[in-house]
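Visitor: I am new to this structure and would be grateful for a close look at one part of it. Could you please take me through the sheet, together with what surrounds it?

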Amino acid sequence: MSRHATIAIVGRPNVGKSTLFNRLVGKRLALVDDQPGVTRDRREGDGKLLGLEFRIVDTAGFEDHDAATLPGRMRVQTEKAVREADAALFMIDGRAGVTPLDEEIARWLRSEDTPIILLVNKAEGKQGENGLMESYSLGFDNPIALSAEHGEGVVDLFDALRPIVEGFDAAEAEVPPPPAEGDEEDEAPLGPMKLAIVGRPNAGKSTLINRMIGEDRLITGPEAGITRDSIRVDWQWEKDGEVHEIQLFDTAGMRKRAKVQDKLEKLSVADALHAVDFAEVVVLLLDATKGLEAQDLRIADRVLQEGRALIVALNKWDIAEDPSSLFNGVRAALDDGLSQVKGVPVLSISGATGKGIDTLVRVAFEQRAIWTNRVSTARLNRWFEGAVTSNPPPAPGGKRIKLRYITQARTRPPTFVVFGSRTDALPGSYERYLVNGMRKELGFQGVPVRLNFRNSRNPYDE
């Protein structure tokens with residue numbers, strides 16, 4: 001499959017880069033707020049502009065700080081994004097005019113080989129026009145007056161991007177596709193596994209993803225709450241000669257709701273929950289040096305309520321004290337606190353050293369297979385008849401409850417419908433008996449199973 005040209009957006013903090021990114025991808029993917037420095041990691045999306053298609057990258061605001069600091073680590077990611085791009089959009093704020101930091105960024109960009117398009121955002125009005133005139137001093141040809149918020153200037157941006165994008169697409173089209181390896185018809189694949197990493201702040205989510213993909217793609221550090229947007233990273237996991245496509249989602253740390261007061265943190269947590277909704281398998285990452293806390297159980301319960309397959313991973317295992325006791329304690333607490341789903345996998349890993357990552361990914365694929373499994377109606381009803389015969393439903397008030405048959409309504413998560421008479425009188429304990437039997441006999445261990453009951457309309461049921 002051919003790829004599209006990659007376009008990076010760069011500039012100092014709060015000039016409107018994320019607003020332009022959201023406009024080009026056609027939805028609100030990047031968090032936007034009035035305060036500077038909201039974006040920290042690179043964010044990628046599929047951009048479209050008047051028929052042009054390209055890969056667009058939103059970057060952190062460029063600041064002049066030591067590389068060891070958080071702003072410095074953000075700047076390193078921005079520099080890398082520009083060098084890997086086919087072109088860069090250098091954005092300044094027309095109302096503020098050219099600042100010393102703009103001039104520093106311009107000097108750096110002129111030293112790079114990446115083609116640069118200068119954008120003067122917020123260029124409407126007399127103040128914006130003055131900023132547009134000043135921008136010529138930065139040494140780039142034909143600055144484009146733009147309003148990322150209102151969509152003004154997009155035609156001029158299209159004209160500037162068109163030769164870059166179309167030239168790239170033409171070069172890609174000349175590359176012949178790889179030869180087909182056979183004519184066997186395989187079952188339609190599920191597509192890339194969507195794997196989200198969630199947890200409390202500073203559990204090591206970004207460090208884990210960087211270790212998985214083998215590069216410092218996400219900003220990490222000792223400061224809690226570095227990640228704000230939910231960042232998607234495409235990854236290929238190779239195992240036993242096979243390549244598996246994975247979409248990794250790094251999310252903001254989720255603290256107890258009462259502690260979340262900042263508007264931006266609320267947006268970040270909402271974005272993390274959206275990533276959970278989109279995922280197929282969710283890894284709840286725990287800090288092994290701190291153990292399991294009530295907030296971890298709340299996050300796990302939310303994941304299961306959303307019907308996603310869940311894996312619990314104890315991170316920083318290489319520095320944990322009394323690891324055997326810790327593991328057994330977490331396992332027991334999960335069995336007690338997540339009684340609605342038995343057998344959630346618990347693994348020990350280290351994002352810093354890479355220990356246990358292959359096992360984590362392998363188990364994630366196994367859990368997705370269970371989560372997407374469909375049982376034939378014949379096998380399902382053979383099990384169902386045996387379960388009902390072995391333990392018939394109770395007869396509250398002396399009236400029998402008849403359960404006639406069961407069918408699987410859907411997968412992702414596995415959802416079943418039981419038909420019978422007086423099913424509304426069935427106690428919860430019997431529903432749990434059926435679900436536990438399905439886990440044990442039909443192989444639905446560790447994933448949410450939903451069971452619905454329907455009363456038959458047959459007038460002779462009674």
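Guide: The account below begins with the sheet and then turns to several helices. The model is a predicted one. Its open sheet is built from six strands, placed in the order β2-β3-β1-β4-β5-β6, with mixed pairing. In general, the strands of a sheet pair through backbone hydrogen bonds, either parallel or antiparallel. At the edges stand β2 (43-49) and β6 (144-145), each of which pairs on one side only. The strands β2 and β3 (residues 52-58) run antiparallel and are joined by seven bridges. Within this pairing, D46 has R55 in β3 as its bridge partner.

Two other helices form a pair: the axes of α11 (residues 377-390) and α12 (residues 428-442) come within 11 Å and cross at roughly 130°. The two helices are therefore oblique to each other, and their crossing is right-handed. On the side of α11, the contact involves R379, L380, W383, F384, A387, V388 and S390. Helix α12 contributes Y430, Y433, L434, G437, M438, E441 and L442.

Notes:
Residues numbered from 1 in each chain as written. Predicted model: local features only at pLDDT ≥ 70, side-chain atom pairs only at ≥ 80, totals over all residues. Heavy atoms only, no water. Pairing = 2+ DSSP bridges. Helix = DSSP H or I, 4+ residues; strand = E, 2+ residues; numbered from the N terminus. Axes fitted to C-alpha atoms, helices over the stretch in contact; angles between N-to-C directions. Parallel < 35°, antiparallel > 145°, perpendicular 65-115°, else oblique. Left-handed = near helix turned anticlockwise from the far one by under 90°. Contact = heavy atoms within 4.5 Å.
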